[in-house]
Amino acid sequence: MTKIERIMAAVRFEKVDRLPKGEFHLEDGFIAELLSLKESVTFKDKVEACELCGLDALAFSPALSQQDNGQVWEELKLWRKETDFFVFAIIDGPFQGTAKLFTSFTDYLLAIAKCDPVIPKLVAKSVAANIELGLNAMASGANGIIVADDIAYQSGTFISPVALRKDFFPGLAEQTEFFRGQKAPVFFHADGDLLRVLDDIINLGFNGLHSLDFSSLADIAKVRMATENRLCLMGGYDLGWFAEENRTEKVLELLTATSIEGMESGYIFGSSAGILGSTLSAKQVLDVYKYASNLPVGI
């Protein structure tokens, strides 16, 4: 299987030849340690590091500073042209996108709480901009879309589920429906505890859910049971686990939590953060990824 075929098979809950793996990004400091580099990290080094970890998928954010010269997705285009990785484009969701239109997150939350009439207008503006950005990403070669909408933290959602359903989920559904219409897999990304709105996320039409940043493996297992074969799960490996002695055992525990008996795939292994940074031990990370690569399918 190619990397793209492997990811698409996981999304469709079809049989895979090995465990699919994906991260958003590997930081230069991590790559330098992994490859024992003494000079600046090159594009070739980045590709080598991703191959060494056995990654199948990567994700790229837009370079909005380059919007005026039309080079927002240049990095994505380069990876799509020069490599065989499955390439996701990351765009905002309506909650996160609208938040960026305020001077502070506190002002934003206050406006939502006061039912400020400007909120629906700004949400509509954000949704339109997000769709345009994602469409440009697909024209640049993106294989899939990740809608990043950080609506939650460890204790639940930033605003009530009622407010999310009223003001933000309709726009999220609009974005999802549009990109599903482009035949692209669409994943939802959010950190934190999503359990109170999990049914909403399932019913919004996404193909997958990334992060799995829950407080316990038991909560991840609840997500798997709730989503069954409707959402491909991605992530879930806590960054803190890399430094633990039982780091490889945590891989098995995570795979158990993300699977249901009889399910052939539907999970992409990776960290819950999506970023492997310089604070991590490259050797410990590589131990985990090599272990995951050598596991038999369906374990």
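Trainee: Is phenylalanine 105 buried, exposed or partly exposed?
Mentor: One caution before that: this is a predicted model. Now the general idea. Buried means under 20% relative accessible area, exposed means over 50%, and partly exposed is in between. Phenylalanine 105 has 36% relative accessibility, so it counts as partly exposed.

Trainee: And what does tyrosine 108 count as?
Mentor: Tyrosine 108 counts as buried, because its relative accessibility is 0%. Phenylalanine 105 and tyrosine 108 share helix α6, which covers residues 105-113. They sit 3 residues apart, about one turn of the helix.

Trainee: How do I describe a pair of aromatic rings?
Mentor: Use the distance of the centres and the angle of the planes. The count here is 19 aromatic pairs. Take phenylalanine 95 and phenylalanine 168 as a case. Their ring centres are 5.2 Å apart and their planes stand at 75°, so this pair is edge-to-face.

Trainee: Which parts of the chain does that pair tie together?
Mentor: Phenylalanine 95 is in helix α5, residues 94-99. Phenylalanine 168 is in the loop between α8 (161-167) and α9 (169-181). The pair therefore ties together parts that are 73 residues apart in sequence. Both phenylalanine 95 and phenylalanine 168 are buried.

Trainee: What is the geometry of the rings of phenylalanine 105 and tyrosine 108?
Mentor: Their centres are 6.0 Å apart and their planes are at 50°, so that pair is tilted.

Trainee: Which residues do ring pairs link into a cluster?
Mentor: The cluster holds Phe95, Phe102, Phe105, Tyr108, Tyr153, Phe158 and Phe168. Both pairs we discussed have their residues in that list.

Trainee: Next, contacts. What does glutamine 96 touch?
Mentor: Set aside residues up to four places away in sequence. Glutamine 96 then touches Ala148, Asp149 and Asp150. Its place is in helix α5. With 17% relative accessibility, glutamine 96 counts as buried.

Trainee: What is leucine 286 in contact with?
Mentor: Leave aside neighbours within four places in sequence again. Leucine 286 is in contact with Leu34, Leu52 and Cys53. It lies in helix α13, residues 282-294. Leucine 286 is buried, at a relative accessible area of 14%.

Trainee: How far is leucine 286 from histidine 210?
Mentor: Leucine 286 and histidine 210 are 76 residues apart along the chain, and their C-alpha atoms are separated by 21 Å. Now try methionine 225 and alanine 257. They are 32 residues apart along the chain, with C-alpha atoms 9.1 Å from each other.

Trainee: Where is methionine 225, and is it buried or exposed?
Mentor: Methionine 225 is in helix α11. Its relative accessible area is 53%, so it is exposed.

Trainee: Let us turn to the backbone. What is phi of serine 211?
Mentor: Phi of serine 211 is near 115°, a positive value in a residue other than glycine. Serine 211 lies in strand β8, residues 208-211. It is buried, with a relative accessible area of 0%.

Trainee: What about phi of leucine 212?
Mentor: Leucine 212 is not a glycine, yet its phi is positive, about 55°. This residue lies in the loop between β8 and α11 (217-227). Leucine 212 counts as buried, at 3% relative accessibility.

Trainee: Now zoom out. How many helices and strands are in the protein?
Mentor: There are 13 helices and 11 strands.

Trainee: What does the radius of gyration say about the protein?
Mentor: Compare it with the value for a compact globule. For 299 residues that would be near 19 Å. The protein has 19 Å, which agrees. Its C-alpha trace spans about 55 × 45 × 35 Å along the principal axes.

Trainee: What share of the residues counts as buried?
Mentor: The share is 53% of the 299 residues. The accessible surface comes to about 13500 Å², and 51% of it belongs to carbon and sulfur atoms.

Trainee: How many contacts join residues at least 24 apart?
Mentor: Begin with contacts between residues at least 6 apart in sequence. Of these, 73% join residues at least 24 apart.

Trainee: Last one: how many positive and negative side chains are there?
Mentor: The protein has 28 positive and 41 negative side chains. The centres of the two sets lie 3 Å apart.

Definitions and conventions: Residues are numbered from 1 along each chain as its sequence is written. This is a predicted model: local features need pLDDT of at least 70, side-chain atom pairs count only at pLDDT 80 or more; totals for chains, interfaces and linings use all residues. Side-chain values use heavy atoms; hydrogens and water are left out. Helices (H or I, at least four residues) and strands (E, at least two) are DSSP runs, numbered from the N terminus. The radius of gyration is taken over C-alpha atoms; the globule rule is 2.2 Å times the number of residues to the power 0.38. Buried means under 20% relative accessible area, exposed over 50%, partly exposed in between (1.4 Å probe, protein chains only). Contact means heavy atoms within 4.5 Å. Accessible areas come from the Shrake-Rupley method with a 1.4 Å probe; for residues, only the protein chains shown count as cover. Lys and Arg count as positive and Asp and Glu as negative; His and the chain ends are not counted. The place of a charge is taken as NZ of Lys, CZ of Arg, CG of Asp or CD of Glu. Rings of Phe, Tyr and Trp (its six-membered ring) pair if their centres lie within 6.5 Å; planes under 30 degrees apart count as stacked, over 60 as edge-to-face and the rest as tilted.
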